[in-house]
Amino acid sequence: MKQFIKQMKHYARAVWAENIKEWKVELTYKPDFIRGLIDPLVYALPYLLYGIALVGGRNSKTLQGLVGSGDIITFVTLGYVFIGFLNMALWAMGFSLRKEQYWGTLESVFAAPVPRWVFAMGMAAHSTLHQGLMISVQLLVINLIFKLTINPAGILPSLLVVAVMLIALYGLGMMIASVTLVLKQGQLVSEALSGIMMIITPIAYPLAVLPLFLRKAAMFIPTTYGIMTVRHFLMGENMGFSVATSFFRLALLGIAWVTFGIIIFEIIDQRTRRTGTISHY
Amino acid sequence: MTFKNNLKIILAENKKTIDIALSYPIFLVFWGIAPLLWLLPFVFQGKALVGGMSSASFKALTGSANFLPFILIGTMVSTYIFSGLWGVGNSLREETYWGTLEYIIASPTNPVVVLLGKTLAEFILASANVTIQALIATFFLGVNLTLAKIFPVMVIVLLLLIGFYGFAIAFAGFTLLIKEVHGYVHSLEWVFYLFSPIRYPVEVSSITKTLSALIPLTYALVAIRGIILLNKHIVNLWQTMLILIGMDIVLIIGGYLLFQYLERKTRQAGTISQY
């Protein structure tokens with residue numbers, strides 16, 4: 001037991017070191033870092049202004065009929081927060097190994113005396129913290145401009161939902177990260193996945209407006225439950241299923257995606273070692 | 001260098017860029033279709049907010065109640081802009097990745113001539129992508145793009161692109177100086193999305209309306225939508241065309257001078273070959 005605790009402490013230090021290393025690299029390029037904080041805000045605004053142009057104000061009777069609340073600004077903003085989490089899995093985590101390759105440090109990272117999952121946890125920790133900061137700035141500025149109307153009592157349970165959802169997204173991120181080891185230039189995979197997920201997750205609209213086959217596909221995406229449950233807690237969205245069901249399905253998706261992510265990661269790791277293509281560019 | 005020699009270089013560079021692009025056909029198909037994928041969330045958002053495909057308040061702002069063709073036109077025209085931004089603006093940076101920038105700079109050709117070749121190639125590739133989008137819009141989404149409207153639309157697109165490519169050439173000079181501009185290109189993309197009517201009518205806010213007046217894309221989109229959606233004749237859009245011509249002159253001359261200045265500055269600093 002003592003040995004196990006000692007080893008876990010050793011791993012925790014490695015996870016923290018990976019997180020700190022990423023912050024140091026990013027903070028070296030300050031203008032880029034600041035731009036990264038502003039981008040999600042600029043990204044969300046056209047969707048909000050488009051909504052206002054369609055409705056002629058911030059309240060939509062149609063949306064009220066579909067989800068129980070007509071406030072398009074709060075509805076769309078809370079949905080767009082989750083794009084940040086998707087980006088974390090698809091781009092930040094997904095391209096972390098490729099980034100190490102650009103820097104010429106992938107071989108050193110892989111030769112370190114820790115299991116691969118420790119490295120994956122380190123990049124997940126950094127991505128989560130960085131994304132959390134970006135989302136905070138986005139919410140703060142949109143709240144200053146438009147004044148979001150949320151139920152403060154829903155904030156804590158919302159954070160809990162996000163935490164459970166993140167576990168599933170880490171699995172997705174690990175899978176993409178390992179795929180880049182094979183494809184090398186895997187942007188197209190991330191672009192395509194990101195485009196598809198943007199459509200089927202109910203970010204700026206409820207699931208009810210999607211065709212049936214897309215609604216069914218959305219049920220396998222963790223962010224679907226994350227978005228709907230958070231909006232349920234913060235603005236009373238009618239989900240069509242209970243909060244307990246949502247947590248249960250999120251937990252199931254978490255187990256499934258993480259297992260899938262680890263298996264794919266292991267298979268590709270072994271394959272690239274066997275074929276000797278790890279150092280290929 | 002004579003005009004004939006420069007023309008040969010432009011055509012050779014054009015061929016080289018297209019050959020490289022055709023080596024990755026999946027990228028070409030993907031970028032032809034992807035902008036239409038990005039459009040779908042707007043369609044579903046519209047359905048969720050107004051319960052159909054048209055809106056009275058949208059009509060009050062744009063003159064057209066149907067929001068799908070509005071966004072489709074924005075998507076197609078912006079394909080040219082973003083391909084120019086990445087393909088021309090970032091092209092010298094790509095030469096750095098390939099290790100061929102020094103050869104271009106050291107050759108007895110003005111780099112602007114090489115950039116003109118890249119610009120021509122980018123225009124051809126973007127036109128191929130827009131054609132795919134226009135065919136999908138016409139046959140699957142019911143947008144009325146008749147041949148009679150294509151000629152005046154192309155005139156406006158060319159007036160937009162002449163100035164924009166001037167800006168992109170200046171941006172290419174910027175990459176010589178600061179090297180990695182990936183993030184800046186992304187930021188510029190979002191500036192265009194936010195302050196020009198690609199995805200929403202900028203008239204919805206006085207701030208976006210005022211700032212959009214500084215961007216040539218705004219005038220081009222208003223004119224093109226006028227021709228396609230409101231059946232306006234190109235002759236009635238002469239004021240917009242004059243503004244675009246004025247912006248073209250400023251951007252082409254300004255872009256050329258700025259590129260020359262940035263290139264000279266990078267040579268003097270001795271940082272051309274730095275990565």
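Q: What share of the contacts in chain B with a separation of 6 or more comes from residues 24 or more positions apart?
A: In this predicted model, residues 24 or more positions apart account for 79% of the contacts in chain B that have a separation of 6 or more, where a contact requires C-beta atoms within 7 Å.

Q: Why does the radius of gyration of chain B agree with that of a compact globule?
A: A compact globule with 275 residues would have a radius of gyration near 19 Å, and chain B has 20 Å, so the value agrees with the rule. Along the principal axes, the C-alpha atoms of chain B fill a box of roughly 60 × 35 × 35 Å.

Q: What percentage of the residues in chain B are buried?
A: A residue counts as buried if 20 or more other C-beta atoms lie within 10 Å of its own, and 41% of the 275 residues in chain B are buried.

Q: How many helices and how many strands are there in chain B?
A: Chain B has 12 helices and zero strands, and its pattern, read along the sequence, is α-α-α-α-α-α-α-α-α-α-α-α.

Q: How many residues of chain A are in contact with chain B?
A: There are 32 residues of chain A in contact with 34 residues of chain B. On the side of chain A that touches chain B, α2 (30-55), α3 (61-67) and α9 (187-200) of chain A each supply at least two residues, and α2(A) gives the largest share, with 15 residues.

Q: Which kinds of residues make up the side of chain A that touches chain B?
A: The residues on that side of chain A divide into 23 nonpolar, five polar and four charged.

Methods:
Residues are numbered from 1 along each chain as its sequence is written. Chains are lettered from A and ligands numbered from 1 in the order in which they are written. This is a predicted model: local features need pLDDT of at least 70, side-chain atom pairs count only at pLDDT 80 or more; totals for chains, interfaces and linings use all residues. Helices (H or I, at least four residues) and strands (E, at least two) are DSSP runs, numbered from the N terminus. The radius of gyration is taken over C-alpha atoms; the globule rule is 2.2 Å times the number of residues to the power 0.38. A residue is buried if 20 or more other C-beta atoms lie within 10 Å of its own, exposed if 12 or fewer, and partly exposed in between; C-beta atoms are placed from the backbone. Two residues are in contact if their C-beta atoms, placed from the backbone, lie within 7 Å. Ala, Val, Leu, Ile, Met, Phe, Trp, Tyr, Cys and Pro count as nonpolar, Asp, Glu, Lys and Arg as charged, and the others, Gly among them, as polar.
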